[in-house]
Amino acid sequence: MPKKTIQKFLPDHNKVKQQKSLKIFGSLLHDANLWHLNRRSARGAFSVGLFFAFIPVPFQMVLAAACAIPFRVNLPLSVALVWLTNPLTMPPIFYCSYRVGVFALGQETQPFHFEASWEWLTESLSTIGPAFIVGSLICASIAAIIGYFGIDWLWRHSVNKAWNSRGQ
């Protein structure tokens, strides 16, 4: 069941191979394990994709792909999961990450007002930056662990349910 459900949402692997941002990986993209979907590749892809979804850097998809290749997990799934943080979900997710970082570092919440300027960015890195980065790493690690074991449990549960239904 999870395999069929996941495959419905995955893009065609030929289209993914053609993406300009992934051309830097060259022949590494021809490894069949990167495109195969089984329990091992799905749980690893969930872990990689969810980890990089919570890391506040540009080119998250490229980083997820770069990590999926050596771990030999499903590349399209790990890249697609990065889109958990999209322009609509980024503000609440990153604010929660900041709050987790404040709690972890034992700091007080700093008031801030967003401005689209270089000066605001450099000032914010010194005030809210450490808590935000620590919180993002904590949330990314927790999401990766939950994703790994969650999809593993869901996959096993689905297989057991299918086997039990055949026996009746």
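Colleague: Among contacts in the protein between residues at least 6 apart in sequence, what percentage join residues at least 24 apart?

Modeller: The share is 74%, where a contact means heavy atoms within 4.5 Å. This is a predicted model, in which local features need pLDDT of at least 70 and side-chain atom pairs count only at pLDDT 80 or more, while totals for chains, interfaces and linings use all residues. Residues are numbered from 1 along each chain as its sequence is written, and side-chain values use heavy atoms, with hydrogens and water left out.

Colleague: How many helices and strands does the secondary structure come to?

Modeller: There are eight helices and zero strands. Helices (H or I, at least four residues) and strands (E, at least two) are DSSP runs, numbered from the N terminus.

Colleague: And what percentage of the residues is buried?

Modeller: Of the 168 residues in the protein, 37% are buried. Buried means under 20% relative accessible area, exposed over 50%, and partly exposed in between (1.4 Å probe, protein chains only).

Colleague: Which residues does the UniProt "transmembrane region" annotation cover?

Modeller: The unreviewed UniProt entry gives residues 45-71 and 128-151. Its positions are in the numbering used here, feature names are shortened, and annotations may be inferred rather than shown by experiment.

Colleague: How far apart are the end C-alpha atoms of residues 45-71?

Modeller: They lie 9 Å apart, and that span is 78% helix. For residues 128-151, the end C-alpha atoms are 33 Å apart and the chain is 96% helix.

Colleague: What lies in the loop between α3 and α4?

Modeller: Phe 59 lies there. Its phi is near 65°, a positive value in a residue other than glycine. Phe 59 counts as exposed because its relative accessibility is 65%.

Colleague: At what angle do the axes of α3 and α4 cross?

Modeller: They cross at roughly 145° and come within 9 Å. Axes are lines fitted to C-alpha atoms, for helices over the stretch in contact, and angles run from 0 to 180 degrees between N-to-C directions. From α3, Arg 40, Val 48, Phe 52 and Ala 53 meet residues of α4 that include Leu 63, Cys 67 and Phe 71. The contact of α3 with α4 divides into eight nonpolar, one polar and one charged residue. Here Ala, Val, Leu, Ile, Met, Phe, Trp, Tyr, Cys and Pro count as nonpolar, Asp, Glu, Lys and Arg as charged, and the others, Gly among them, as polar.

Colleague: How do α3 and α8 cross, then?

Modeller: The axes of α3 (residues 39-53) and α8 (residues 129-166) come within 7 Å and cross at roughly 160°. That makes α3 roughly antiparallel to α8. Angles under 35 degrees count as roughly parallel, over 145 as roughly antiparallel, 65 to 115 as roughly perpendicular and the rest as oblique.

Colleague: Which residues meet there?

Modeller: Among them are Phe 46, Leu 50 and Phe 51 in α3, and Leu 137, Tyr 148 and Trp 155 in α8. By class, the contact of α3 with α8 has 11 nonpolar, four polar and four charged residues.

Colleague: At what angle do α6 and α8 pack?

Modeller: Helix α6 (residues 90-105) packs with α8 at about 105°, the axes being 6 Å apart. α6 is therefore roughly perpendicular to α8. Phe 94, Tyr 98 and Val 102 are among the α6 residues in the contact, and Phe 132, Val 134 and Ile 138 among those of α8. The contact of α6 with α8 has 12 nonpolar, four polar and no charged residues.
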